[in-house]
Amino acid sequence: MRVMTGMSSDADARPPADTVNRVVTELRERLGERVSTNATVLEQHGHDESGWPVMPPDAVVFAGSRDDVATTVTVCARHRVPMIPYGTGTAVEGHVQALHGGVVIDLSGMDQVVAVNAADMDCTVQAGVTRKQLNRHLRDTGLFFPIDPGADASIGGMTSTRASGTNAVRYGTMAGNVLSLTAVLPDGRVIDTGRRARKSSAGYDLTHLLIGAEGTLGVITDITLRLHGLPEAISSAVCAFPTVRDAVEAASETIQTGVPVARVELLDELQMQAINRYAGLDHPEAPHLFLEFHGSPAGVAEQAETTQAIASEHGGHTFQWATVEEERNRLWQARHDAYPAALQLRPGARPVLTDVCVPVSALADCIADAQRELERLPMPGTILGHVGDGNFHVILLCDPESADDYARAKAFNERLVERALALDGTCTGEHGIGMGKMPFLQAEHGDAVAVMRSIKAALDPHNLMNPGKVFQRA
C-alpha cells in the first residue's frame, strides 16, 4: 500500500462507462488500431517508476502524429474525458497514473528527429524521441544534447517535468535548453510557442509555461532544442572519501573555485555497496564522487589536477581515471544503475524518493542532517545526488505491506523538505510535483499557487489534462 496524500476530491470522478465507450468508439473510427483497451496495455500505462500503485486508464491511444494527438484531445474534450500524456514511464512522482480514468496518449511512436540545423546548433524532435536516440542521430555532426537524467527518457517527458540530471551543473536543465515547442491545448488547438531564434521578447513566454507543467496544460508534440558542441577532450574520475560530508565539501569547493566541472555526482557508502552487488564491481564501499571534465586537452588536464588537489585535501583517495569513451561509459554506467541497484537492497520493496535542492553552500549540512536521520529509520535508505548544483535524493525502501514504514518515510521526507525550504531551497529539483509532492507546493510558493491555479483554469477549465497532478483540489 502507499499513503495517498494530496489526492483529488470526488469532483473529478471517473467518467461514466457509457461516455468512455462513446469516446473509444469514436477514436477507433478515426484512429483504428492505434486505440487499445487491452487489459495488459492499460496496466502498463497505469504507473511510472515510483512507488505509487497502478491506476490504469480506460483506453490508450498510440499517437503516430500531431494530428493523432489533436484528434484524441478534441474527442476527449468534447466528452469531458481525462487525458494523460505518456512518454517512457520513467517518471518517479506518480505522473502518469490515471486517478480518474480516461485516455492515456502514448507518444512513444512519435520518434522522428524532424530537423538538425548544425550551423545554428539546434534541432527539432518529436516528443517520443529519447535522449540516447537523439545523441545517436547527432553522432556525426559534432554536436550533442547534454541533458542526462539517467533513464533513457523521452524528450517530451523530460520537457514536461523540467528534467536535468548529471550534466546540469555545466549545461543547465531542460528549461535552458528548449527554444520552442509545439503543443496541443486542452481544447484541441495546436500552438507553436516560438521560433528558432536564440532570443525573443515577443509576447508571453509560453514555452517556459509548458516546460515543467507535467502535462496539465496540454500535450507537447514537438520540441526545438539547443545543442552543444562535442568537447574536444573528456576525462572522468571516481574518488572515494572518508565521509559524505568530506565528499560534499570537496564538490562544493570545486564549484566555488570556478572549475567548470561538467558532472559531479555523490553516492554514499550504502549506495556504493548496492552498485557493487548489482553490477559486480569492486569500488571501495565508502562515499564517492563521480566527476567529469569537458574542454580542450590542456583545459581538462588542468581542471582534473585542480579537482584532485581539492579532493585530496578533504581525504579523497582511490582515484580511478578514464579518458577512453568505452571506459568512461563503463564508469558512468555504475552511476546510472544507482536506482535499480538500490532497489535490490530490499527485494520487493516500494521506493519513496526525495528530491530536494538547496544552495550549494548549504548542501553539506543538509545532507549530513539527512544521513543522521536515516540512521534512525528501520528501513534502508541511500543518498545520491547532483551535488554540483545542490540537488540530492534519498531512496527509502519500504515494505509494501507496512503502514509504519510509509509513515516514517513520509515524516522523513516532510522534515527534509522543511529543512530545504528553510535554506531557501525547493522540494523538487528535477522530478516534478506529480502526486507525490503536492502538499509541499503551497509551502514553497505561497500565494503564487493561486496564480498557477488561475492559469490552469483558464487553459483547462474542466480539469481534463492529467487531473490530480501538481495541485491539491482547492
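What share of the 474 residues in the chain do buried residues make up? They make up 56%, with buried meaning under 20% relative accessible area, exposed over 50% and partly exposed in between, using a 1.4 Å probe and protein chains only.

Quick housekeeping before we go on. This is a predicted model, where local features need pLDDT of at least 70, side-chain atom pairs count only at pLDDT 80 or more, and totals for chains, interfaces and linings use all residues. Residues are numbered from 1 along each chain as its sequence is written, and side-chain values use heavy atoms, with hydrogens and water left out.

Okay, the whole chain. We've got 16 helices and 18 strands; those are DSSP runs numbered from the N terminus, H or I of at least four residues for helices, E of at least two for strands. The chain is as compact as a globular protein of its length, because its radius of gyration is 22 Å, close to the 23 Å that the globule rule gives for 474 residues. That radius is taken over C-alpha atoms, and the rule is 2.2 Å times the number of residues to the power 0.38. Along its principal axes, the C-alpha trace spans about 65 × 55 × 45 Å.

Now contacts, meaning heavy atoms within 4.5 Å. Take those between residues at least 6 apart in sequence: 73% of them join residues at least 24 apart.

Helix α3 covers residues 66-79, and its 14 residues reach 20 Å from first C-alpha to last, close to the 20 Å expected. The expected span is 1.5 Å times one less than the number of residues. Its buried residues include D68, V69 and C76. After α3 comes R80, with a positive phi near 55°.

Then there's α8, residues 244-256, which has 13 residues and reaches 18 Å, close to the 18 Å expected. Among its buried residues are V244, D246 and T254. What do the buried residues of α8 pack against? The partners are β13 (263-267), α9 (269-279), β14 (288-295), α10 (297-313) and α13 (363-374). Just after α8, G258 takes a positive phi of about 95°.

Last stop, M379, in the loop between α13 and β17 (381-386). M379 counts as buried because its relative accessibility is 3%. Leaving aside neighbours within four places in sequence, M379 is in contact with R346, L397, C398, D405, R408 and A409. As for R136, M379 is 243 residues from it in sequence and 40 Å from it in space, C-alpha to C-alpha.
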